[in-house]
Amino acid sequence: MTDLKTTPLTALHESLGAKMVPFAGYLMPVQYPLGVLKEHNHTREKAGLFDVSHMGQVILRAESYAAIAAAFERLVPMDVLGLPEGRQRYGLFTNDAGGIEDDLMFANRGDHLFVVVNAACKDADLARMKAALEPEISVEPVLDRALIALQGPAAEAALEALVPGVAAMRFMDVGTFAWQGVELWISRSGYTGEDGYEISVPEAEAEDFAEALLALEEVEAIGLGARDSLRLEGGLCLYGHDIDTETRPLEAALGWAIQKVRRPGGARAGGFPGAEAVFADLGGAAPRKRVGLRPEGRAPMREGVVLFASAEGGAPIGTITSGGFGPTVNGPVAMGYVAAEFAADGTQIYGELRGKRAPVTVTPLPFVAANFKR
């Protein structure tokens with residue numbers, strides 16, 4: 001534990017009674033005295049405050065946004081050039097085999113591109129961007145700001161009370177706002193399936209800002225445990241579990257993230273690592289697919305459970321990559337990969353637990369509909 005990094009909010013977590021655990025090289029709160037179940041439900045019903053400062057914040061600069069976008073499109077299969085100022089988009093770094101090196105968010109902030117990457121991948125991502133983009137593009141890690149997520153149906157009213165103007169934002173909008181003279185970089189986004197915001201705040205003021213939010217009746221501090229159950233119910237991938245370097249976007253059911261302009265026949269088709277492999281999957285070549293799974297009964301099936309087509313015998317057809325109990329749906333939920341011929345909604349397959357197989361039904365994702373303000 002002594003080798004772990006901390007965030008600007010570590011002292012606050014400890015003062016709130018958080019149980020701290022190692023996560024992606026950081027000491028992070030997995031839960032508070034409220035408990036994972038109540039934290040999950042509070043976020044669904046009101047507003048939850050998450051510390052996501054372990055994630056990587058990076059700024060890309062050049063003589064124009066067009067220059068930045070053209071360069072960044074060499075790394076991702078997304079439309080960066082067509083992203084309007086003040087808007088954000090989900091993206092993927094791919095490798096030469098079409099596998100996913102990381103998933104990320106990127107925002108057009110006018111004179112620069114703001115990129116947020118996963119904690120466990122941020123050193124590799126920074127090296128990737130520097131190697132591919134510099135010196136034409138300046139790659140600047142942001143090392144002096146915390147990142148906070150405020151999620152849930154009461155998030156809008158809570159943040160508006162402190163930062164007037166944020167209520168007018170739509171899902172995936174980004175903007176710069178002020179709180180008591182402090183500059184906040186805010187996006188209306190998050191990784192719970194709920195409406196909410198992610199707020200980049202200077203680390204010196206991060207604790208004061210978090211305490212101001214927690215002072216509001218509708219806001220509670222939420223740990224990694226509930227963050228995981230929320231994103232699982234929302235059908236959202238966790239890097240290193242549901243997607244990794246061996247997973248291609250179409251296998252992961254992330255084809256929606258590749259805009260038409262970057263696909264075959266588009267004005268800027270291809271040009272990113274692994275384009276040929278990714279495009280082959282567009283034609284239906286992907287041998288497996290990420291699907292939602294509902295185990296029968298009350299016992300969760302977790303990551304690593306092997307899936308079969310029948311109750312006895314036969315070779316494996318897939319594996320669960322994320323699983324647990326879904327408080328909102330009041331039952332076990334999971335995601336995983338199955339051979340393409342078993343990916344249709346309603347297909348019954350079997351998961352093997354301790355040598356015994358139990359029925360599992362392939363189910364549409366998400367398990368809980370997204371509540372974004374579009």
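Q: Which residues line the second largest cavity?
A: Keep in mind that this is a predicted model. The lining is made up of L9, L12, H13, L16, Y32, L49, F50, D51, I148, A210, L214 and A221.

Q: And which elements give two or more residues to that lining?
A: Those are α1 (10-15), β3 (47-51) and α6 (203-214).

Q: Okay, which of them gives the most?
A: That's β3, which puts three residues into the lining of the second largest cavity.

Q: How do the lining residues there divide into nonpolar, polar and charged?
A: Ten are nonpolar, with one polar and one charged residue making up the rest of the lining of the second largest cavity.

Q: What about space, how much lies in there?
A: The second largest cavity holds about 70 Å³.

Q: Stepping back, how many cavities of 30 Å³ or more does the structure hold?
A: Three.

Q: Let's switch to the largest cavity, then. What volume does it have?
A: About 100 Å³.

Q: Which residues are closest to its centre?
A: Q88, F114, W185, S187 and E198, out of 14 residues that line the largest cavity.

Q: Which elements give two or more residues to the lining there?
A: For the largest cavity they are β6 (100-108), β7 (112-117), β11 (182-187) and β12 (196-202).

Q: Last one: what's the lining of the largest cavity like by class?
A: You get nine nonpolar residues, three polar and two charged.

Notes
Residues numbered from 1 in each chain as written. Predicted model: local features only at pLDDT ≥ 70, side-chain atom pairs only at ≥ 80, totals over all residues. Heavy atoms only, no water. 1 Å grid on protein atoms, 1.4 Å probe; cavity = no way out; pocket = protein on both sides within 12 Å on 5 of 7 lines; lining within 4 Å. Points joined across faces, edges and corners; volume = space filled by probe spheres on them. Helix = DSSP H or I, 4+ residues; strand = E, 2+ residues; numbered from the N terminus. Nonpolar A, V, L, I, M, F, W, Y, C, P; charged D, E, K, R; others polar.
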